[in-house]
Amino acid sequence: MAKTKTTFFCQNCGAQFAKWQGQCTSCKEWNTIAEEVIQKAEKFVWNTQESTSKRVAKPQRISEISAHSEARLDTKNNELNRVLGGGIVPGSLTLLGGEPGIGKSTLMLQIALQLPFKTLYVSGEESAQQIKMRAERIQPNATNCYILTETKTQLIFRQIEEVRPDIVVIDSIQTLHSEAIESSAGSISQIRETTTELIKFAKETDTPVILIGHITKDGTIAGPKILEHMVDTVLQFEGDRNHIYRILRANKNRFGSTNELGIYEMQGNGLREVSNPSEILISKNEEDLSGTAIAATLEGMRPLLIEIQALVSSAVYGTPQRSATGYNAKRLNMILAVLEKRAGFKLGAKDVFLNITGGITVDDPAIDLAVVAAVLSSNIDVAIDKTICFAGEVGLAGEVRPVTRVDQRILEAEKLGFTSIVISKYCKVERKDYAINILKVSKVHDVVHHLFG
């Protein structure tokens, strides 16, 4: 009988150690190293006959390698296609992470039911009856989707050989376990082993595989960090369960840009694609409210108009509060310092709260000008005209700096009915026939003078 072999893994980064120690020397985290059984049985190969007959790879000159772009698989979901870069690449491995209850399984089941080719949906968390109930609510008459409730990879590969699906969805990678590893499902060694088997299957058969992954309390995907390095694409499903809108981002994409995002609306019959997100990110208040300003921003190639809300009030306690939701708090402090030093507004003894509506997070520096306008509007309690939007970066000297792709921002504002847009005077606007009024400013003073006289 083989002797049981154990080793120690860091539960945070997946580093391996010969013995236990208090701190992981790789990620510097404390008390994250745990012992796991790694006694290996005979290694399972998903298709022995095909693997043994496969020729040995030989080195080739890069100039001799034939380059041909394979046709991507259309998911019939424009938002997902945009984030993936045009569709699913054959033979790719995609990892989808997100908070519990955010809609990961709903999105993948909805995609599996809509696809026109054969799909195998493998679930290790729900029974077939539970999935059927959800499928009836989403799309009741789907015929190309096969459901398999199994967690052992060896049995899953046997069913794959029988069904021969065009795409495989695994829900979730943390529930799978392989007979080659004796540790429990969800452990570092099991996640690494099962992912390796799925990668081998995907690359040898050109069958795309989508993995659903759990996340930790810090918002990172659970399991070893090497999991994200092994897969081709890492998608993050974001949003608040108390809101109806969900955002899909690409944190890693070997076949496209990581700057794109998709927006969905959670409904009773599944997730609805939001083709014009600017309309949902701007509130439809009839009355004029101070402290709100509209910013023209970009997420990847997609222009968005978002609403910035600010509240400035006298500090009740000795130290004023600075709070930002969806915006970098350090950048907010910088802008407040610029307004104090360069524009003469005394905000040092006041609480400042900033919020980007819709529950999204934006890193585009072009929204700085809208933040300035919202803060000043709340400070003097004067509402800004609803037909004005802003696109400009604010520097430490109080200057308004130019932003990239300003023409796309202007076109989006014009399409949504805005009459004026405030940009930097140093922006190079290619077209001259815009119906929208373009206001060019060079300093924060110019913005204050134009808005509040």
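Modeller: A helix here is a DSSP run of H or I, at least four residues long, and the numbering starts from the N terminus. Keep in mind that this is a predicted model.

Take α5, residues 153-163. Its buried residues are Thr153, Gln154, Ile156, Phe157, Ile160 and Val163. What lies over them? The cover includes three strands, β5 (119-123), β6 (145-149) and β7 (167-171). Helix α6 (188-205) is also part of that cover.

Next, the largest pocket. The space in it is about 430 Å³. Its lining has 22 residues. Nearest its centre lie Ile282, Ser283, Ile294, Glu307 and Lys386. Two elements, α8 (277-281) and β13 (292-299), each supply at least two lining residues. β13 gives the most, with 3 residues. By class, the lining holds 9 nonpolar, 6 polar and 7 charged residues.

Last, a helix pair. Two packed helices are described by the angle and the distance between their axes. For α9 (residues 329-341) and α10 (residues 368-380), the axes come within 11 Å and cross at roughly 65°. The crossing is right-handed. From α9, the residues in contact are Arg331, Leu332, Ile335, Leu336 and Leu339. They meet Asp368, Val371, Val372, Val375 and Leu376 of α10. This contact has 8 nonpolar, no polar and 2 charged residues.

Technical notes: Residues numbered from 1 in each chain as written. Predicted model: local features only at pLDDT ≥ 70, side-chain atom pairs only at ≥ 80, totals over all residues. Heavy atoms only, no water. Buried < 20%, exposed > 50% of the residue type's maximum accessible area, 1.4 Å probe, protein only. Contact = heavy atoms within 4.5 Å. 1 Å grid on protein atoms, 1.4 Å probe; cavity = no way out; pocket = protein on both sides within 12 Å on 5 of 7 lines; lining within 4 Å. Points joined across faces, edges and corners; volume = space filled by probe spheres on them. Nonpolar A, V, L, I, M, F, W, Y, C, P; charged D, E, K, R; others polar. Axes fitted to C-alpha atoms, helices over the stretch in contact; angles between N-to-C directions. Left-handed = near helix turned anticlockwise from the far one by under 90°.
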